[in-house]
Amino acid sequence: MKPSLQPKELSPAGMSMLNRRSFLKHSSTALGSMALAGLLANDGLLGAPIRPEILPDRPYAPRKTHFPAKAKQVLLIYCTGAVSHVDTFDYKPELYKRHDTPLPGAVNTFQGENGNLIRPLWDFHPRGNCGKMTSDLLPELGSLADDVAYVHSLTSKTNTHGPGETYMSTGFILEGFPSMGAWTSYALGTENENLPAFVSIPDPRGNPQASVNNWSNAFLPAQFQGTPFSASKEIRNLQAPARFRGKADRDGRDLLKFFNESHLQRFPGDSELAARIAGYELAARMQTSIPEVTDLSDEPDYVLKEYAADDPKNQSRAGFGKNCILARRLLERGVRFVQLFNGSYAMGEGVGNWDGHKSIKAQYPGHAHILDQPAAALIRDLKRRGLLNDVLVVWCTEFGRMPTFQKGASGRDHNPAGFTAWMAGAGVNAPYTFGATDEFGWKAEKDVLSLHDFHATILHLLGLDHERLSYYHNGIERRLTDVHGHVVSDLIA
Amino acid sequence: MARIFYIFLATLFANHFLFSKSATQSEDVRANFSEREKAWWAIQPIRKNTLNFPANPVDYFVQEKLESKELELSPQAGPYEFIRRASFDLIGLPPSEGETKAFTDSWKKNPETAKKELIEKLLASPAYGERWATHWLDVVRFAESDGYRADDFRSSAYLYRDYVIRSLNQDKPYDQFVREQLAGDEIDPKNFDHMIATGFLRHGVYEWNQRNARMQWELILNEMTNVTGEVFLGLGMGCAQCHDHKFDPILQKDYYSMQSFLSSVWWPEDQNIGKPDQLLKLQQWEAETFEVREKLMELKKDILKGNERIVVKQFPADIQEMYYKKPEERTTHEQQLVEMVNRQVRHKSTRIKWEEKFKKNEELKKKYDDLNLELASFSPKPSLPQAFITTDLSVRPARTFVPGKKIQETFPEFLTLLNLPSPKIEETKHGTTGRRLALANWITSPDNPLSTRVIVNRVWQKHFGQGLVTTANDFGFLGEPPTHPALLDFLSNYLIQNDWKLKSLHRLIMLSDTYGQTARQEPSDKASLQDPQNQLLWRFPPRRLSAEQIRDAMLFTSGELKTKSGGSSVDGNSPHRSVYVKKRRNSPDRILSAFDAPAGFSSSSERLDTTTSTQALLLRNNPWPHARAQAMANKFAKSESTKSTISKIFKSAYGRPATQAEIELSQSFLDQWLNNQEPNKEPQAIETTTGKSIDSLSLYENTPRIYKKKGIELGTSWTIEAITRLDHIHANAYVNTLLSQWSGSHQKAGWTFGITSAKSAYEPRNFIMQLIGENIGGDTIYRVIDSNLQIPLGKTHYLSCSVTLNPKGDSYVHFVWKDLETPDSKVQEARIKHDIIALQSVSSDKLFLGGRSTGQHFWNGNIKRFRISSPAISQEHSLISKNNKAPDQGAAKLDLSFAKSPNQVLQDTGFLPRTTPQKTSSPQSEALAALCHVILTSNEFLYLH
């Protein structure tokens with residue numbers, strides 16, 4: 001009789017290693033943390049870092065929060081290129097009065113000199129029952145005002161896109177730090193282990209400017225990096241080369257499993273070997289679960305229409321609409337953190353994203369048309385399906401734009417001194433408006449927030465203490481919030 | 001007994017250290033430190049070696065610790081295990097079958113001699129430097145690009161990588177190695193290696209487009225300070241940037257004192273590297289052309305001034321003020337900020353289109369053209385790479401201030417806690433401050449308690465997977481104390497006694513029983529309880545191979561690995577060792593990054609060994625491991641029987657013979673594979689343009705490929721234009737190639753013109769040009785130049801790309817795309833820089849239409865017309881230009897329209913159809929490849945036990 005390809009059961013020792021609750025492989029980290037915990041306790045300083053307990057064979061298993069969470073999942077809608085707040089959500093009547101007059105105390109900004117103040121290029125109207133003033137540029141998103149907490153007083157530390165995007169995503173201007181989604185999946189794992197814990201959906205027009213840094217794990221273990229894919233671009237290496245598919249793939253897997261398990265029997269105490277066997281099995285499951293989630297063919301026509309995913313005239317809009325549907329499908333299936341991009345670097349300044357230097361009036365309607373209906377449909381759909389009870393929605397951009405036009409142009413230059421983001425959904429105090437810029441919309445003036453405060457608040461909603469969610473790296477307990485950040489309790493329901 | 005003696009010695013030395021020095025400095029400065037801080041292990045002097053050891057001292061110290069927990073070393077490994085371990089460890093590759101046999105034979109005579117000889121052989125191999133350089137490059141956050149969106153390639157950073165490899169192979173004393181990197185320019189700026197070494201201070205990320213010059217320079221200096229502390233001193237100093245360190249006795253003032261050693265630096269961009277005769281040639285060229293270049297400059301002056309004004313205006317007011325000061329009135333710090341502005345001014349000036357600027361003024365235009373002609377009449381400018389180096393801006397130090405409520409100036413000093421006299425600093429005769437040299441001298445002083453411990457610990461860490469101090473970049477209170485403090489000190493002394501030579505440490509460590517014990521030992525109950533982490537080394541720690549080891553071992557086992565001794569970095573698809581693979585921060589090699597190779601954003605002292613589903617998907621499905629498996633199958637397929645083939649495969653991959661069960665299983669796997677094979681499917685039927693009159697040439701995967709025997713000589717600039725339609729793209733990563741003139745080898749010059757497919761590493765449907773040519777260093781390199789223009793399928797488009805190769809290093813490709821079916825569609829353009837400066841003659845290669853010489857990368861669609869012009873043409877002469885001006889005489893090298901009888905056109909112009917190439921692999925060899933793939937991706941291949 002020929003030997004069968006049926007793999008043998010794992011040995012008892014192998015199983016016991018596989019199931020061991022503690023996994024202290026990276027002793028440097030683990031022991032470092034113990035030493036630190038002791039130190040902190042001795043010195044009566046901070047609360048000690050809380051280390052998530054990561055199972056070697058189930059790195060994505062759901063993990064405990066630090067305290068009861070208001071939100072379980074995150075949808076981050078990231079409009080790249082710097083959306084002009086004074087033309088969208090931050091209503092500044094003074095700009096009408098002072099239209100075409102100089103901005104007092106004007107300075108040079110990113111591209112040089114500035115011209116006069118310019119009134120909002122789209123009119124503002126009250127929206128919802130709360131009567132929040134938002135502009136006609138994004139009427140559909142504006143109509144959600146009753147569910148939204150607006151933050152008008154955000155500030156950034158840089159006026160350059162790449163570092164700015166990186167700062168919004170990682171809390172640092174320098175590259176090389178973990179992104180918000182990576183921190184979240186490191187801390188919390190995910191509710192569906194057959195899908196990645198953190199998915200990043202790039203715009204159909206291409207990747208954002210800071211590209212991979214927006215979903216980087218940096219020094220966190222690689223399991224926690226975001227997996228980039230979209231409705232039109234599948235995840236890398238999901239399918240084998242043609243002649244290795246189907247039965248050939250299964251036979252190969254079986255033989256591999258046999259070799260690996262007989263190898264493990266020689267070294268039953270090695271949990272890493274068992275984890276790698278489990279990793280192959282997870283990969284096999286992903287090969288079916290990911291195509292299932294990205295295949296939108298079971299979505300009814302009315303849904304496609306609502307999300308503008310069927311727009312025959314505008315491929316970018318239809319593509320973004322499909323990405324919005326994909327985002328909902330991922331959240332429905334329990335993915336912890338979904339980062340949805342609107343805007344790409346692909347076609348350069350102002351064409352593929354919100355970077356309106358030259359002619360905002362001409363550029364923005366195109367971007368708004370792509371964003372507005374699909375994104376609003378997504379949030380409404382989440383609400384209708386009850387998902388907003390669990391999902392925190394965050395809308396953001398890397399910084400704002402000046403209330404002036406640039407000298408010799410009809411567009412606005414970069415402005416990190418004050419800009420707008422907003423939140424909706426699980427745990428959010430809505431309707432609400434927090435903070436304010438000065439009368440021109442130039443500098444944040446009331447309740448000024450750093451991005452660290454913004455990040456601290458997001459982590460808090462997820463049940464995580466931003467000061468205790470840390471990772472030891474090169475002598476420092478690194479955090480999403482660096483050494484700053486205060487939770488903004490007013491934003492929390 | 002011995003331990004007590006050590007404690008006594010330690011106390012003695014500590015006392016000596018604490019109290020004898022400070023005649024000048026009072027003990028007051030230490031008054032604010034607690035006793036615990038003063039007793040910090042890492043700053044205590046290194047205890048001297050006083051014992052006579054009966055055997056290997058490493059074993060003495062390790063056994064001592066094991067005995068204290070009633071544990072013991074595992075039995076010694078056998079020869080197969082040992083040679084595999086030692087080879088991977090020292091040279092990063094598995095041993096060949098022949099080497100294994102020779103070693104086991106020698107082992108039978110005398111294991112000790114066999115080991116000694118093996119280690120000497122491995123240490124003498126140039127591959128040793130290639131392997132150990134990776135460890136150093138990780139620590140110094142080496143990468144070859146700027147980071148951020150532009151992620152500009154640092155085309156001569158590879159010289160630093162080669163310097164590290166060379167230094168390790170030479171067994172350069174570590175103290176010298178350190179001095180060169182921190183202050184090579186202050187010691188001997190004429191010495192090539194000394195200068196290249198200073199690249200260390202320059203490897204951090206850099207955003208070219210940052211306007212906040214002050215903040216950016218601060219970030220750069222902080223990065224430099226942090227990495228210096230981490231790499232050489234094992235101090236994570238970052239915390240002290242904003243306040244006194246919370247956990248370590250490092251004051252905020254200490255941080256900035258350390259920074260002040262470094263803070264006068266700048267990164268010169270005008271220093272060419274070359275052999276003396278090359279440099280001389282360049283000097284001659286500069287002298288000969290001086291006058292004409294001056295005249296050109298005079299012509300360009302006003303436009304350059306205007307350009308400068310525009311850029312400078314984008315900076316904050318205070319920076320502008322500095323910029324317009326007289327250079328001699330600027331402080332060094334101001335000069336540094338001005339240099340940051342200068343970089344952006346220069347960047348913008350490289351984008352000036354001079355022809356356009358002079359177009360309006362005929363007289364100027366003529367002058368400009370004449371001067372350029374005159375310049376061209378000289379021999380061409382010798383193109384030499386620019387050095388990626390660091391030096392001081394002047395002998396006047398940049399002042400350093402401690403930020404905070406009360407801003408205080410600070411000067412070069414060592415940690416306050418150490419209470420050392422202020423360093424003596426003298427400016428050098430090379431125009432530098434001498435500050436970095438003072439730092440380097442302190443770091444490499446044999447008395448320095450930190451630096452030797454740090455490097456010795458790193459060496460230990462790489463041999464055993466974890467250091468005696470497990471936090472190799474942090475010897476502070478947040479890190480771990482050493483598991484074997486006496487051993488750490490012993491090794492530190494040993495290093496100094498052996499002239500700081502790292503190879504002496506390798507010999508000592510690798511000949512110990514501790515290193516020689518087996519990894520194939522299950523933990524005893526006692527070991528699991530007492531030391532689950534195996535910190536005391538009751539067995540040799542089993543390990544997963546590192547990213548580089550995995551990639552290199554696959555290439556080695558498949559028989560494809562090629563040697564390369566230094567030079568420009570290569571693409572990950574090339575068969576060279578991983579240390580030579582291009583390290584771009586934001587587009588790292590996928591295989592290497594998936595297996596935890598760091599991206600180079602910060603000093604990385606240890607590799608994580610993660611297990612991810614990404615790795616599993618990559619190993620199972622990515623074409624790269626499959627290609628290795630196919631090569632391996634081809635290598636072994638020639639054996640006389642399947643059984644012997646299988647045995648050879650196992651031996652080659654695992655370094656051991658296959659078991660009977662493995663052979664039978666493999667045999668049945670191969671049989672199943674062959675039974676599964678359906679008869680080869682015909683290629684899918686193609687869409688035809690039935691009913692329509694033929695006005696174009698159809699190009700599909702199964703049409704015979706079309707080529708012209710002799711290609712076209714293109715010179716230094718050319719334009720390729722086509723009116724064409726692409727109907728569908730490949731489901732994999734093949735390029736839909738419309739035109740090409742390339743053999744397919746990354747070592748041979750060539751080009752292709754096409755659009756990417758679904759799984760391209762660039763976006764799908766991306767209009768690209770592949771160029772294989774020489775870079776400024778004269779190496780042949782392969783580049784994919786992607787336009788980021790995504791071309792819709794099924795429509796007729798105009799596509800054009802103009803290539804300009806500039807020997808001075810400012811080469812670019814200009815892409816143009818216009819949708820010809822949509823009325824009023826706009827012309828889309830992209831101008832992409834690249835670093836290929838010359839294309840060696842490619843005219844002998846065939847010119848392919850609708851594919852490549854290597855097959856596979858077919859175009860699926862049609863073509864109506866194409867034209868190749870050289871030199872490049874301007875927009876107004878393009879095929880779609882309204883005024884339809886023909887290019888200048890002689891510019892069009894080939895112009896084919898397929899509007900009527902396309903086949904006739906081909907025949908008339910010398911194109912031949914080519915028969916499809918023979919399939920290279922048989923079902924038998926594919927089956928074998930599938931087996932090799934399983935083996936190359938199995939745990940036994942990926943782990944070292």
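The buried residues of α15(B) are covered by elements that include α11, β1 (265–266), α13 (276–312) and α14 (317–324) of chain B. Here, buried means that 20 or more other C-beta atoms lie within 10 Å of a residue's own; 12 or fewer make it exposed, values in between make it partly exposed, and C-beta atoms are placed from the backbone. Helices (H or I, at least four residues) and strands (E, at least two) are DSSP runs, numbered from the N terminus. The model is predicted: local features need pLDDT of at least 70, side-chain atom pairs count only at pLDDT 80 or more, and totals for chains, interfaces and linings use all residues. Residues are numbered from 1 along each chain as its sequence is written, while chains are lettered from A and ligands numbered from 1 in the order in which they are written.

Helix α15 of chain B covers residues 332–349. Its buried residues are B:His333, B:Gln335, B:Gln336, B:Leu337, B:Val338, B:Met340 and B:Val341. The expected span is 1.5 Å times one less than the number of residues.

B:Glu308 lies in helix α13 of chain B. It counts as partly exposed because it has 18 C-beta neighbours inside 10 Å.

Chain B is divided into domain 1 (276–384) and domain 2 (703–873 + 880–914). Such bounds come from an automatic or database domain assignment. Taken over C-alpha atoms, the centres of the two domains of chain B are separated by 33 Å. Four residues of domain 1 of chain B are in contact with six residues of domain 2 of chain B. Contact requires C-beta atoms, placed from the backbone, within 7 Å.

Between the chains, 79 residues of chain B are in contact with 75 residues of chain A. The largest share of chain B's side, eight residues, comes from α29(B). By class, that side has 26 nonpolar, 34 polar and 19 charged residues. Ala, Val, Leu, Ile, Met, Phe, Trp, Tyr, Cys and Pro count as nonpolar, Asp, Glu, Lys and Arg as charged, and the others, Gly among them, as polar.

Chain A has 12 helices and 19 strands. Buried residues make up 60% of its 493 residues. Strand β18 of chain A (residues 470–473) is covered on both faces. A:Ser470 and A:Tyr472 are buried on one side, and A:Tyr471 and A:His473 on the other. Four bridges join β18(A) to strand β19 (residues 476–479) of chain A, and the two run antiparallel. Strands pair if DSSP finds at least two bridges between them. A:Ser470 stands opposite A:Arg479 in β19(A). The two strands form a hairpin with two residues between them, and A:Asn474 in the turn has a positive phi of about 45 degrees.

The largest nonpolar core has 298 residues, of which A:Val338, A:Leu392 and A:Val394 touch the most other members. A nonpolar core is a set of buried Ala, Val, Leu, Ile, Met, Phe, Trp, Tyr and Cys residues joined through C-beta atoms within 7 Å. Leaving aside neighbours within four places in sequence, A:Val394 is in contact with A:Val74, A:Leu76, A:Ile77, A:Ala421, A:Met423 and A:Ile458. A second, separate core of 60 residues includes B:Ile729, B:Ile781, B:Leu799 and B:Val813.

Terms used: Two residues are in contact if their C-beta atoms, placed from the backbone, lie within 7 Å.
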